[in-house]
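Hi,

Here's the structure I promised to pass on.

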Amino acid sequence: MTRIAIVGGGISGLTAAFALEEHRRAGAADYTLFESSPHPGGVLCTENIQGCIVEAGPDSFITEKPWAADLCRTLGLGDQLIGSNDADRKTYILVRGRLIPMPDGLIFMVPTKILPTGFSSLFSWSTKLRMARELFHPPRAAEGDESVASLVERHYGSEMVDRLADPLLSGVYGGEAASLSVRAVLPRFAEMERTHGSLGRAMLAARKKMPRSANKVVAPLFTSLKNGMQQLVEALVPRLNPGSIVTNTTVESIQREAAGWTVSAGLKSDHFDAVILALPALAAARLLSICCPELSAELAAIGYSSSITVGLGYDREVRQSLPPGFGFLVPRSEGKRLLAATFVHNKFPHRAPDDRALLRCFFAGSHAENIWQMSDDAIVAIVRSELQQILGLRAAPLFARVYKWKSAMAQYGVGHLDRLDRIERLRQQLPGLALAGNGYRGIGVPDCVRSGNEAAKQVQSLRP
């Protein structure tokens with residue numbers, strides 16, 4: 001029987017445990033999952049406040065990536081999956097203190113419709129001229145990795161970086177376009193530039209190739225669960241062996257032995273044939289610092305960003321006063337501390353009663369670090385002040401919750417994929433070691449589920 005230690009009880013570690021559970025029942029493997037906090041689940045944490053579903057961590061996942069939804073269906077949650085209300089999808093960008101809707105036809109930041117973009121006040125005329133000239137860019141062979149800001153500025157200019165690329169990526173990664181890797185974050189853009197030159201021309205060509213069916217139901221952009229993302233954890237944990245989950249226990253060290261690994265947690269050390277580190281890369285680096293300093297150094301070089309999410313509930317009058325759509329993004333040039341706000345009651349109508357407005361406000365990176373030491377009341381006061389400036393919202397919220405996540409969002413810097421190649425070569429020199437989590441090839445919930453499954457497959461192939 002193969003004995004496996006899983007270090008980390010977030011969704012990656014839980015998924016790995018679930019993948020191994022069938023083998024445990026068959027007597028082919030046994031696992032122990034170590035979680036330092038009282039409860040597994042990591043950032044998947046939900047509160048029900050006055051009938052509102054308030055997410056402390058991610059509120060949904062990208063529908064296009066199938067792994068999270070597949071896991072939900074396997075767990076019997078298929079009928080609990082809900083899609084975003086894309087019929088009302090509209091996102092605003094704050095420009096000189098005014099909310100400007102993103103024009104129709106923008107795919108991420110690539111314009112594919114001339115008239116909506118041409119008439120939009122989101123861009124200056126000089127940027128619109130650059131968009132027109134961009135359609136004639138020749139194919140360009142990549143000379144290595146570069147930042148997202150570098151690629152976008154080459155095609156559309158610095159205004160596009162400031163008003164679209166940077167705010168969009170801040171909302172996903174909590175990072176800045178100037179430091180995030182094109183190859184890791186937007187590999188499709190790098191490939192489109194190589195094959196077509198023009199991103200706009202490539203996007204139009206891709207749309208032409210898409211099959212058109214009058215009866216085809218278009219999948220929603222985002223998917224979540226009726227009772228919140230924590231519902232996934234609550235369905236998953238009971239499917240695991242209770243005796244295999246050890247909470248309130250921090251793994252302090254792991255050591256490579258001649259025939260496996262010694263894992264030390266609390267006052268106890270135990271032997272395992274394999275170890276899955278389902279942790280942030282920096283935490284994994286600390287555990288590997290003695291047995292593999294070279295691998296540890298590569299893992300420690302993967303940066304992380306902290307984030308703060310603030311949930312606010314309001315009454316019917318506020319709900320009726322808010323603009324339609326999913327919410328707004330704030331470019332750094334606007335000088336605000338807030339990076340984004342979601343109108344949750346519009347994005348997922350199931351998340352709030354008809355007489356409630358539910359807002360979700362977001363800080364990340366230096367914006368979060370600068371207010372990290374403040375009290376919850378002080379952070380809520382900042383949010384209320386900026387919502388008043390942006391939306392004219394003066395009403396006091398019916399409730400407010402502040403959630404802080406220290407170093408939770410991996411930053412895929414320039415050269416990230418090359419670093420992952422080096423990490424993989426070093427990992428293969430340590431039989432029985434697998435890595436999982438958001439530090440590697442995707443930060444969303446589906447990517448974490450996929451990484452947990454892949455880690456389980458890697459250790460299943462071992463023979464004790």
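Predicted model: local features only at pLDDT ≥ 70, side-chain atom pairs only at ≥ 80, totals over all residues.

Numbering starts from 1 along each chain as its sequence is written, and side-chain values use heavy atoms, with hydrogens and water left out.

The sheet is open, with 7 strands in the order β8-β7-β18-β19-β20-β17-β21 and mixed pairing. (Strands are DSSP E runs of at least two residues, helices H or I runs of at least four, numbered from the N terminus; two strands pair if DSSP finds at least two bridges between them.) β8 (98–101) and β21 (399–411) are the edge strands, each pairing on one side only. Inside, β17 (residues 303–314) and β20 (residues 357–364) pair antiparallel over 8 bridges, and S307 has A364 in β20 as its bridge partner.

Helix α16 (residues 376–391) packs on the sheet and touches β7, β8, β17, β18, β19, β20 and β21 (contact means heavy atoms within 4.5 Å). Its direction makes about 70° with that of β17; axes are lines fitted to C-alpha atoms, for helices over the stretch in contact, and angles run from 0 to 180 degrees between N-to-C directions.

Now for E21, in helix α1 (residues 11–25). E21 counts as buried because its relative accessibility is 3%, the cut-off being under 20% relative accessible area with a 1.4 Å probe, protein chains only. Leaving aside neighbours within four places in sequence, E21 is in contact with Y31, R239, L240 and N241.

Cheers

Notes:
Buried < 20%, exposed > 50% of the residue type's maximum accessible area, 1.4 Å probe, protein only.
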